[in-house]
Amino acid sequence: MERRLMKGNEAIGEAAIAAGCRYFFGYPITPQNELPEYMARRLPEVGGVYLQAESEVSAINMVYGAAGAGARVMTSSSSPGISLKQEGLSYIAGAELPCVVVNMVRGGPGLGGIQPAQSDYFQATKGGGHGDYHLLVLAPASVQELVNLVREAFDLADKYRNPVMILGDGVLGQMMEPVTIADPVPVASLPAKPWATTGAQDRPANLINSLYIDPLELSAHNAKLIAKYERMAREELRFERYCADDAEILLVAYGITARICRTVVDLGRQAGLKLGLFRPISLFPFPYAPLADLIAEVGVNKVICVEMSAGQLVEDVRLAVEGRVPTVLYGYPGGVVPLPAEILSRIKGEGGANGVRRS
Amino acid sequence: MLHEIISAGFGGQGVLLVGQTLAYAGMLEGKEVSWYPSYGPEMRGGTANCTTVISTGPIGSPVVSNPTALVAMNQPSLEKFLPTVKPGGVVVYDQSLVSSNPALLRSDVKMIGVEAQQIAARLGNSKVANIILLGALVKAAEPVSLTAVQEALKMVLPVRRHNLLPLNYAALARGAEIVA
Amino acid sequence: MSAGRERLVAGYPESLTEQAFHYCPGCTHGIAHRLVAEALDALGLRERTIGVASVGCSVFAYNYFNCDMQQAAHGRAPAVATGIKRVLPDAVVFTYQGDGDLASIGTAEIVHAAARGENITVIFINNTNYGMTGGQMAPTTLIGQKTTTTPLGRVAENNGYPIRMAEMLATLDGPAYIARVSLHNAQAVVQAGRSIKKAFQAQLERAGFSMVEVLSTCPTNWGMTPVKALEHLEKVVAEYYRVGVLVDRTKEVAG
């Protein structure tokens with residue numbers, strides 16, 4: 001297959017089209033604009049529709065309508081825009097509609113900044129909007145993995161009738177790497193959606209809805225959703241271990257930070273430190289047991305959670321570690337991408353603090 | 001083999017193109033590559049930079065603390081990144097745009113000053129100063145072959161600009177000659 | 001009169017389910033539902049129609065319309081309808097929204113759907129208050145009108161002025177058909193039915209965005225008997241919100 005050098009944001013677009021996505025509802029925000037721009041160029045060529053909505057709020061509700069009509073559909077944004085989409089995501093999760101949402105995270109809170117960050121971990125993995133629900137969240141660490149997970153995301157969205165979020169960051173969206181994109185799925189071969197609202201011809205009318213006014217009915221609906229999330233936790237755990245088999249100090253990081261930590265592990269091992277890396281790829285469901293097992297298995301004596309945020313991922317890491325070994329946070333919020341050398345010197349006890357860039 | 005190259009200068013000088021060309025060339029040689037640009041308001045008239053990593057093995061961090069090579073097209077870029085270059089690394093800079101302050105220079109890296117603006121002007125187009133520096137870098141640091149760079153330029157330049165390929169090849173060769 | 005000369009002059013619309021309405025006594029939502037259903041029946045559209053219910057008294061509209069339905073978040077029905085229509089351009093897509101939904105929280109969505117000339121039909125029920133939540137002030141509440149959040153009556157200095165949505169949207173180039181109708185008496189209801197049918201026809205012609213603003217009563221929250229509410233609708237509400245056709249570009253397209 002052809003190997004192409006592509007920007008992360010553009011590669012998402014091509015991977016989505018290959019996965020059978022023909023509808024994209026966008027709204028501009030840095031650092032993800034290359035994706036809607038790519039879709040605006042490419043979708044008309046494959047008989048699809050790109051539409052720029054009047055707001056992120058509208059865009060996610062257009063996704064709701066299109067997903068309810070049975071289409072493979074996508075939207076993308078970055079942190080402040082994702083906050084605006086949370087209302088729609090709650091409705092989409094409640095109405096059990098499949099769709100894929102890309103979040104190229106930037107620093108916050110508020111308008112924050114435009115540089116890469118991971119400070120949307122909470123709003124991605126913990127529901128984000130109102131009500132008891134979860135998105136299935138996948139965090140790629142390379143452009144090729146981004147492409148592979150976008151393809152998978154559409155299948156998982158259909159499998160669970162649940163929104164799937166690709167959680168990236170400014171680095172992943174802006175960087176170029178060689179990728180191969182798998183052959184397009186024939187749109188005709190996509191799973192049938194007999195529940196979709198396509199016109200009630202020769203069948204009873206279909207309804208896409210998240211309203212259950214009777215508390216007993218709503219609690220039954222909640223139970224159904226919970227069972228779905230439990231199934232995800234059984235079937236969709238994704239993670240990677242790097243140099244972990246004899247690690248004494250285990251780094252835990254996802255996305256681009258995990259890439260950086262991989263270099264830290266290499267540098268540390270050259271310097272005689274037994275470093276290892278655990279990288280969650282599915283952030284919801286979070287691989288609690290595989291992380292706990294690893295720690296028990298190999299005699300890790302310290303866990304370091306490295307994230308480009310002020311302590312979000314570390315909460316799940318601590319839930320997995322359950323106090324068995326000390327777990328510390330190296331947090332780099334604000335759009336500061338930690339460099340391998342600065343993480344390593346902090347491991348060596350040469351300084352560095354959460355939220356403070358050594359420069 | 002691991003090359004970590006930072007290319008930096010003012011927006012509009014073509015520093016991102018230098019990095020992209022290196023990345024394409026690496027990919028054409030079957031290597032692992034990554035290219036990461038600075039982005040945001042600094043792009044518009046301010047300073048721009050990008051990091052290109054070329055490796056025979058999987059690439060860890062696409063952002064680097066200590067590059068093996070630096071292409072600097074202005075004074076602030078040289079001041080910012082020169083201290084970070086690994087000892088034994090290669091630094092190519094545009095001498096026409098950088099004041100030769102001896103305090104700036106390092107003796108533990110290979111410093112290559114190139115009168116890129118003047119050479120580009122003599123070639124008839126000041127816009128190829130970046131390609132001259134690229135030629136010098138490729139010759140001095142050998143992250144990829146000059147042939148691969150020539151092929152890569154065909155991919156980086158849009159087809160409607162392919163009439164400029166001979167000029168770019170000439171600029172590449174002139175840059176390489178300076179190092180030879 | 002012999003059996004042979006009997007003919008059906010009124011029936012139950014196929015596009016309505018048999019579910020009894022939950023609306024308050026005297027509320028005109030039921031009439032508006034029926035007019036929509038009759039238009040779908042008359043044009044033979046039920047099996048290719050997708051309706052979008054909004055948030056407000058008509059939130060349960062999906063229980064009453066016997067066609068595929070989606071229930072939308074508050075104010076977002078035009079965006080949801082846009083998503084459906086872009087996927088299914090041959091389907092007939094309508095929203096059914098109240099004045100709090102359309103004229104307050106959903107102004108961005110309705111303005112931009114209209115500006116895009118989105119080929120959908122909007123049924124906009126204007127009863128000058130938030131009925132579902134207990135009769136609070138709406139953007140359409142008249143000056144002087146008492147609501148639970150304007151207990152002394154709406155005062156322009158504090159609450160601003162009512163919005164005439166039909167006129168506002170009529171300034172745009174996207175709409176193909178915009179009309180305001182009222183349900184205060186039988187004659188008005190017949191006229192309302194014609195306008196609603198016309199709006200769906202505009203969509204079938206792919207002429208662009210169509211909307212019918214339906215002036216409606218809310219006897220419960222207005223604190224009036226149903227009959228008094230109908231009088232109020234005719235004499236007071238329709239005085240401020242004048243009925244009529246504001247945009248009709250359907251002929252241009254047809255011609």
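Me: How much area do chain C and chain A bury between them?

Reply: About 2,500 Å², with 59% of it on carbon and sulfur atoms. This is a predicted model. The contact takes 30 residues from chain C and 33 from chain A.

Me: Why is A:Arg203 with C:Asp68 called a salt bridge?

Reply: The closest N and O atoms are 2.6 Å apart. The cut-off is 4 Å between a side-chain nitrogen of Lys or Arg and a carboxyl oxygen of Asp or Glu, so the pair qualifies. The count between chain C and chain A is 3 salt bridges. Polar contacts between these chains number 15 residue pairs, both residues at pLDDT 80 or more.

Me: Which elements of chain C supply at least two residues each of the side that touches chain A?

Reply: Strands S1 (49-53) and S2 (68-71) do, along with helices H3 (77-87) and H5 (107-115). H3(C) brings the largest share, 7 residues. By class, that side of chain C has 14 nonpolar, 8 polar and 8 charged residues.

Me: What makes S9(A) and S2(C) a strand pair?

Reply: The rule asks for at least two bridges, and S9(A) and S2(C) have 2, so they pair. The sense is parallel. A:Leu207 stands opposite C:Met69 in S2(C).

Me: What do chain B and chain A bury between them?

Reply: About 1,900 Å², and 64% of that lies on carbon and sulfur atoms. Here 24 residues of chain B are in contact with 26 residues of chain A.

Me: How do you know that B:Glu32 and A:Arg3 meet in a salt bridge?

Reply: Their side chains come to 3.6 Å, N to O. The limit is 4 Å, so the pair counts. The count between chain B and chain A is 1 salt bridge. There are also 9 residue pairs in polar contact between chain B and chain A, both residues at pLDDT 80 or more.

Me: Which element of chain B gives the most to the side that touches chain A?

Reply: Helix H1 (15-28) and strand S2 (32-37) of chain B each supply at least two residues. S2(B) gives the most, with 6 residues. The residues on that side of chain B divide into 14 nonpolar, 8 polar and 2 charged.

Me: What makes S4(A) and S5(A) partners?

Reply: Strand S4 (residues 73-77) of chain A joins S5(A) over 4 bridges. At least two are needed, so these strands pair. They run in the parallel sense. A:Met74 has A:Val100 in S5(A) as its bridge partner.

Me: Why is A:Lys193 called buried?

Reply: Its relative accessibility is 16%. Buried means under 20%, so A:Lys193 counts as buried. A:Lys193 lies in the loop between strand S8 (176-179) and strand S9 (207-208) of chain A.

Me: What does A:Lys193 touch, not counting residues up to four places away in sequence?

Reply: A:Lys193 touches A:Gly70, A:Ala71, A:Arg72, A:Pro98 and A:Asp158.

Key. Residues numbered from 1 in each chain as written. Chains lettered and ligands numbered in written order. Predicted model: local features only at pLDDT ≥ 70, side-chain atom pairs only at ≥ 80, totals over all residues. Heavy atoms only, no water. Contact = heavy atoms within 4.5 Å. Buried area = accessible area lost by both parts, 1.4 Å probe. Polar contact = N/O pair within 3.5 Å; in protein donor to acceptor, adjacent residues only side chain to side chain. Nonpolar A, V, L, I, M, F, W, Y, C, P; charged D, E, K, R; others polar. Buried < 20%, exposed > 50% of the residue type's maximum accessible area, 1.4 Å probe, protein only.
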